[in-house]
Amino acid sequence: MAPLVQNYVVLNGNVELLRGLTIAIIGYGNQGRAQATIMRDSGLKVIVGNVRDEYWETAKRDGFEVYEIGEAARRADVIMMLLPDEVQPYVFKEQVAPAVKDRRVIIDFASGYNVAFGLIEPPREADVVLVAPRMIGAAMLELHRRGRGFPVFLGVANDASGRAWDYAAALGAAIGALGKPGGIGIKVTFKQEALVDLLDEHTNWPLLLASLMAFYDVTVHKYGVPPEAVLLEMYASGEMAEVASRMAEMGVFDQLRLHSTTSQYGQLSRALKYYDYVRRVVEEEAREIWEGDFAREWGLEQLAGRPKFRALWDIVTSGEMHQAEKRLFELMGMTLDNK
Ligand code: NAI
């Protein structure tokens, strides 16, 4: 029996829809290089738009035609916006929007953030789609070489042609996500993508970071445990990374069966003990993202020259735990760079 597929699940796309179109990759970084390479392997016509920096040189070396961003956008039928999110609004306004004026193009984003929070207002005549890989570029290339797909979120903010969803799915297949084992597309809105992307960064990771920092302070300073033992226990041994891999392969709950029963009891009883408190944290962070408070906070921080961002980095890198990490990695013959 065929598996039951919900109507928001997309398993493949028709790459033929893109045949004969010129696809401009705007930004040849982490995502840009991977997407350009995989689409060229799919037999599509790909050009690159970039500023004249080292990424321009890399794209040239990789054999692509490289143009100034505005010129690439002028030549393109499909524009893939793959610059850092904080750079996109002014590049879009100054170079891409004038180049696509009154033309029916497809504009693709790999992140919902700028469109969701009104920092980019794409033209009405364009199809505006979201094809947001859940994968870093280097891993996309590696999976592509092994003939495997990966998860991608798909969205449509503007359906001028009436076929924007087909184009989103086609791009999902063209960048190597769909139509292969391990590939799956999930339809979301731009704002939902921005919500889950940011909420993961504002809850799961910082709660873990805060827990690691507090764990270090308590065990080292109240109980006299050697810092090295604490760091190895928490993550420096690599065990945490192993557990994370098992979560992706087996599920967050079933992987628990690989741990001792003492560990299973401890983890489950404490997760439920803290649930109500953490739920309130998650609820508040989600509200701040959804209502645009975070986009405003980060926008103002950037306008001010990122003083708080720099101060936060100073606090953690001058802290004792960071120094202890450096000492441990030196003892083990590793450096922070090559670990
Ligand atoms: P990146 O940081 O690797 O981008 C580098 C590119 O941006 C280079 O081509 C560089 O020339 C250009 N660039 C940097 N500053 C510039 C400026 N001031 N003016 C003009 N060009 C400039 O970007 P990344 O990480 O590939 O992100 C691209 C998009 O993909 C973003 O929307 C991001 O949210 C999304 N995304 C990124 C993922 C990742 O693994 N990094 C995963 C999924 C989505």
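Start with the second largest pocket, which holds about 1,200 Å³ of space. Bear in mind as you click around that this is a predicted model.

To land in the middle of the pocket, select L83, P84, D85, E86 and Q88: of the 46 residues that line the second largest pocket, these are the closest to its centre.

Next, colour by helix. α1 (30–41), α4 (88–100), α5 (113–116), α8 (190–223) and α12 (293–303) each put at least two residues into the lining of this second largest pocket. Which helix gives the most to that lining? Select α4, which supplies seven residues.

Now switch to colouring by domain. Domain 1 (9–188) and domain 2 (193–331) each contribute at least three residues to the lining of the second largest pocket.

Show side chains to see who does the touching. On the α1 side, pick N30, Q31, A34, Q35, T37, I38 and D41; on the α6 side, pick G137, A138, M140, L141 and H144. Colour this contact between α1 and α6 by class and you get five nonpolar, six polar and one charged residues.

How values were computed
Residues numbered from 1 in each chain as written. Predicted model: local features only at pLDDT ≥ 70, side-chain atom pairs only at ≥ 80, totals over all residues. Heavy atoms only, no water. 1 Å grid on protein atoms, 1.4 Å probe; cavity = no way out; pocket = protein on both sides within 12 Å on 5 of 7 lines; lining within 4 Å. Points joined across faces, edges and corners; volume = space filled by probe spheres on them. Helix = DSSP H or I, 4+ residues; strand = E, 2+ residues; numbered from the N terminus. Domains from an automatic or database assignment. Contact = heavy atoms within 4.5 Å. Nonpolar A, V, L, I, M, F, W, Y, C, P; charged D, E, K, R; others polar.
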